[in-house]
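Let's take a look at this one together. Have the picture open while you read.

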Amino acid sequence: MDGLINALYSIPVAGVLFQLAGYLVNVVPDISPLILQAATPIALAALCGVMCERAGVVNIGIEGIMITAAFVGWYSGVLLVPVLGTTAIGPFGMSLALVVALGVALASGVVISALHAWLSISVRADQIISGTIINIAAFGLTGYLNNLIAKTSPNGAGAFTQFRPPREVTDIPVIGWILNMFLNQGPIAMSVIVLVVIFQILLFRSRWGLRSRAVGEHPRAAETVGIDVIRVRYRNVLIGGVFAALGGAYLSMEATNSFQQGMTTGRGFIGLAAMIVGRWSPVGAFGAALLFSSSTALGNSIKFSPPSGDLGTILTSLPDQVYDALPYLVTIVILAGVVGRSIPPAADGQAYEREAAT
Amino acid sequence: MTTPDAPVRAPALEMRGITKRYPGVTANDHIDLDVRPGEIHALLGENGAGKTTLMNILYGLARPDEGAILLDGQEVNISGPSDAIARGINMVHQHFMLVPVFSIAENILLGEETMAGPIFLDRREARRGIVELGRRFGFEIDPDLRVGSLSVGWQQRVEILKALYRDAKILVLDEPTAVLTPQETEEIFAVLRRLAAEGHSIVFISHKLYEVLEIADRITVIRRGKVVGQRLPAETDEDDLAELMVGRGVQLTVDRGESHPADVAVRLEGLEVKDDRGSIAVRGVDLEVRSGEILGIAGVAGNGQDELVEAIVGLRHAAGGRIGLQGADITHASPRRINEAGVAYVPADRHRFGLVLSFPVADNLVLTDYYRRPYARGFIRNDEAIEATAEERIREYDVRTPSADVRAGTLSGGNQQKLVVARELSRDLKLLVLDQPTRGLDVGSIEFIHRQAIAKRDAGTAILLVSAELDEILELSDRIAVMYRGRIVAVRDGRTADKNEIGLLMATGGEARSPAAAIGPAV
């Protein structure tokens, strides 16, 4: 067996491809859960984007909602632990304090979204500016509060722990790796898949989805058949806030058990890019987020444990920055080559004014 | 064609003493309107006469200050569009209220969904219902087609089906024929007659007199918010209706006299132009316009007319071919150079291209030569000269404005268009491009603009007229070119052209029946 592999690897050019395949087989089982973990906050941000923009509201304040929820979730934990304790009450290391803190984080996301909804739907302010204000304010405020608190370095409410699927399952080639990716996860990362599937089905098969899309494409037409455009938009932006807040809470309550200033590092914006690459559909956006995070994971893997042989020589001769840029390069290639023109909802970003105000 | 068997049935709809005041204007002043079951009732009036306000009140989009609405003799209070729909009132808007990326079925379902359970749509049942409904009114439709891919005539049918799907008893159609070819208009009329025969009441809003005479059982004319008369088609004619509508005698067709075409003013050779998405919209057009003649381009909107016009005036790059203006090549010249070479342009969209709405009237009148003497000295404006010119143009072209200093956006549509016409026509021209010059204007303004165009022609200017209104083309053009899918498919003499032939060319391009032109109607 090894002899055969070595013989294949030594064929010029084709050998390098065989080496690449071998390398992937080697590293993918280990990094596959990491891929979904990296994709989780991006995918949730993208779902928030799809939720808002399908109804015609551009939300670039996702980043701000995420950082707020990350901070609020963590700090609620800090405050709640002395009161509620850290006794586990369920799977995934859930304690009462942790669950309540998550609830508070989601509520904070809804509050910030309500501000964006009010500014862009009722006040009809420029939606880009409203989103920008939210981003700047959220970063400044959470950073400032974090500075005040961090001197005493308190503990959070702990983090959600991961489910460990049995080795027998994860060792099955390919299928096991995929299962490992989806199952070797905490509750938030696992819920993403469920949310994506439900959202996709509802958006294209339900009354709510039909009306939401109509409001994002041609609000006047929706109004003339008796749909309350303003209400649909508010509702979607608020639900979107829950998605984004979940993404933010993931960072401070599942991926880590702490808050760092600016810890979202642009994931809200990458989520918006994933939304565009995914053509404003939940499954597409999730796919784009996965693509992005898997190229990040692969880049890191090559950087830190490069393959051996000719392939390794070639790959290590490239500067590290190439691998840092890999996710962006892949995104550009996919966007230009595979997806083609991605057309946003026709009324995306346009404030709606009711006809003939009385 | 009246309904002789209409003795004392209660009207399906009665509007009594409807009054609606907006700050400064009374849009509806004690309007009475009654529509009987199975009647086609035409509501005739100029733009701004109050037709739309009245219908918005009926549809719950606006609330009357006074008056009552009765349905089948019962007074009702309509709180909004969904309430109106629930009461059997439906409206087909002038600008279609259809979502282009949705399928026919999705558009019809929207707001009135057939459900399988509390969350999900029952698409199969909906599809079946729509196909069946279509058959009842004589058209086969595939509910899965995307609405954006349909011809305008078929989109209109979808709008009507949408209303019928909601069990409309009263159907309001707001200028339904504005964008249709004569054949499509006939087809829609057939559908409307069928609906009326089944007992639906139809309110038909229009300002096209001959259509109203053809389709309506009764005609109510409103002017400046008041009902000024009611007529039966058998007892009236176009002149009578026009006078009622405008309040004075109107010459409906401008006496255009003989044209005296001279040398070729503009010559297009193999012109190719791309649209915004980069596909070819104008495919090798060869065309000449002579000085002193009006060449009308007929065609259904979206067949490359916009791109053609924009290439001539320099707003769009020609992808191939040549544009010559009295021998000089202006193919790739800048809009300013083309303007200075003697080309004037009255654009279809006066808000986007013709005027700066937030600028005063005076500034708008010198938009094309503000940088030249006497309006500028070096880079300093000469306000006196601008003011003087503005006053003169306002008088000459009868622009109704409080002064030359008010913002152009505050004027009415007709006066805004007069402003554009005043600026573009008041200099020596070689070529005048009129793109939909009277769209959305009232009869009085149309008459004025048509006269100005004829006068300019008689002064020796070449005129290229683009209009989606076939009547306008037929009325003004010395020659008519039909544009279909980016090509000129036929050129006819303006005086002898047959309206039906032109309409057919517009719809099919002269091919027997282009398979992609529309999904085949089964009427």
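Predicted model: local features only at pLDDT ≥ 70, side-chain atom pairs only at ≥ 80, totals over all residues.

Residues are numbered from 1 along each chain as its sequence is written, while chains are lettered from A and ligands numbered from 1 in the order in which they are written.

The model as a whole scores ipTM 0.85 and pTM 0.78.

| Stretch of chain B | pLDDT | Contacts beyond near neighbours in sequence |
|---|---|---|
| residues 1-7 | below 50 | ten contacts |
| residues 512-523 | below 50 | 21 contacts |

Now for the sheet. In chain B, six strands make an open, mixed sheet, ordered 18-21-22-15-23-24. Strands (E, at least two residues) and helices (H or I, at least four) are DSSP runs numbered from the N terminus, and two strands pair if DSSP finds at least two bridges between them. Strand 18 (343-346) and strand 24 (487-493) of chain B sit at the edges with a single partner strand each, so one side of each has no neighbour in the sheet. From one strand to the next, the twist averages 20°.

Further in, strand 21 (residues 431-435) and strand 22 (residues 462-467) of chain B run parallel, joined by five bridges. B:Asp435, for example, has B:Val466 in strand 22 as its bridge partner.

Finally, helix 15 (residues 443-458) of chain B lies across strand 15 (294-298), strand 21 and strand 22 of chain B. Helix 15 of chain B runs at about 150° to strand 22 of chain B, with axes fitted to C-alpha atoms (for helices over the stretch in contact) and angles from 0 to 180 degrees between N-to-C directions.

Notes:
pLDDT = per-residue confidence, 0-100. Contact = placed C-beta atoms within 7 Å.
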